[in-house]
Amino acid sequence: MTTFSCTPESAKAILTDVLAALNAPENIQKMSVAKENSGNEMLKMMQFVFPIVTQIQMEVLRKYGFPEGREGTVQFAQLIRTLEREDSEILRLHNQVRQHFLPHIPVDTSAEASL
């Protein structure tokens, strides 16, 4: 397995392209149906929504020379996890991608205040 690397600038460009693809009308439609079927259950989100997000991401990564399939996705995820520690914009963009497949979890600040 060859390791792919890229600069923080190219990582931002890739994440921006992934977000644009995720926000394309046809993909929003697919994810909306999958999210509706999942409710707010994490396991169902991973079962129905995550594969759609992953497929869309793989299509974008292929354009940037990442290996096809799971290998490219894993390499990209590892690269982004490293880069997001040093670049808040990469972290922000990656969090936007994650929001497409992670259920919204409301934060109860009153419980936190009572600790």
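This is a predicted model: local features need pLDDT of at least 70, side-chain atom pairs count only at pLDDT 80 or more; totals for chains, interfaces and linings use all residues.

1. At least two lining residues each come from α4 (50-63), α5 and α6 (88-98).

2. Size and centre of the pocket. The volume of the largest pocket is about 240 Å³. Its lining consists of 13 residues, and those nearest the centre are Phe50, Gln57, Thr73, Ala77 and Phe101.

3. Sorted by class, the lining of the largest pocket holds seven nonpolar, four polar and two charged residues.

4. Packing of α4 on α5. These two helices, both of which contribute to the pocket lining, have axes 10 Å apart and pack at an angle of about 85°. An angle between 65 and 115 degrees counts as roughly perpendicular, and α4 is therefore roughly perpendicular to α5. On the α4 side the contact involves Thr54, Gln57, Met58 and Leu61, and on the α5 side Gly69, Arg70, Gly72, Thr73 and Phe76. The classes represented in this contact are three nonpolar, five polar and one charged. Gln57 and Thr73, which take part in this contact, are also among the residues nearest the centre of the largest pocket.

5. Packing of α1 on α5. How do the axes of helix α1 and helix α5 cross? The axes of α1 (residues 8-22) and α5 (residues 69-84) come within 11 Å and cross at roughly 120°. α1 is therefore oblique to α5. The crossing of this pair is left-handed. From α1, the residues Pro8, Ala11, Ile14 and Leu15 meet Phe76, Ile80 and Leu83 of α5. This contact has seven nonpolar residues, with no polar and no charged ones.

6. Packing of α1 on α4. The axes of α1 and α4 lie 9 Å apart, and the helices pack at an angle of about 130°. The two helices are therefore oblique to each other. For this pair the crossing is right-handed. Ile14, Asp17, Val18, Ala21 and Leu22 of α1 are in contact with Val53, Ile56, Gln57, Val60 and Leu61 of α4. By class, eight residues of this contact are nonpolar, one is polar and one is charged.

Definitions and conventions
Residues are numbered from 1 along each chain as its sequence is written. Side-chain values use heavy atoms; hydrogens and water are left out. Axes are lines fitted to C-alpha atoms, for helices over the stretch in contact, and angles run from 0 to 180 degrees between N-to-C directions. Helices (H or I, at least four residues) and strands (E, at least two) are DSSP runs, numbered from the N terminus. Angles under 35 degrees count as roughly parallel, over 145 as roughly antiparallel, 65 to 115 as roughly perpendicular and the rest as oblique. A crossing is left-handed if the near helix is turned anticlockwise from the far one by less than a right angle, and right-handed if clockwise. Contact means heavy atoms within 4.5 Å. Ala, Val, Leu, Ile, Met, Phe, Trp, Tyr, Cys and Pro count as nonpolar, Asp, Glu, Lys and Arg as charged, and the others, Gly among them, as polar. On a 1 Å grid over the protein atoms alone, a cavity is a set of points where a 1.4 Å probe fits but cannot get out, and a pocket is an open set with protein on both sides within 12 Å along at least five of seven lines; lining residues have an atom within 4 Å of a point. Grid points are joined across faces, edges and corners, and a volume is the space filled by probe spheres set on the points.
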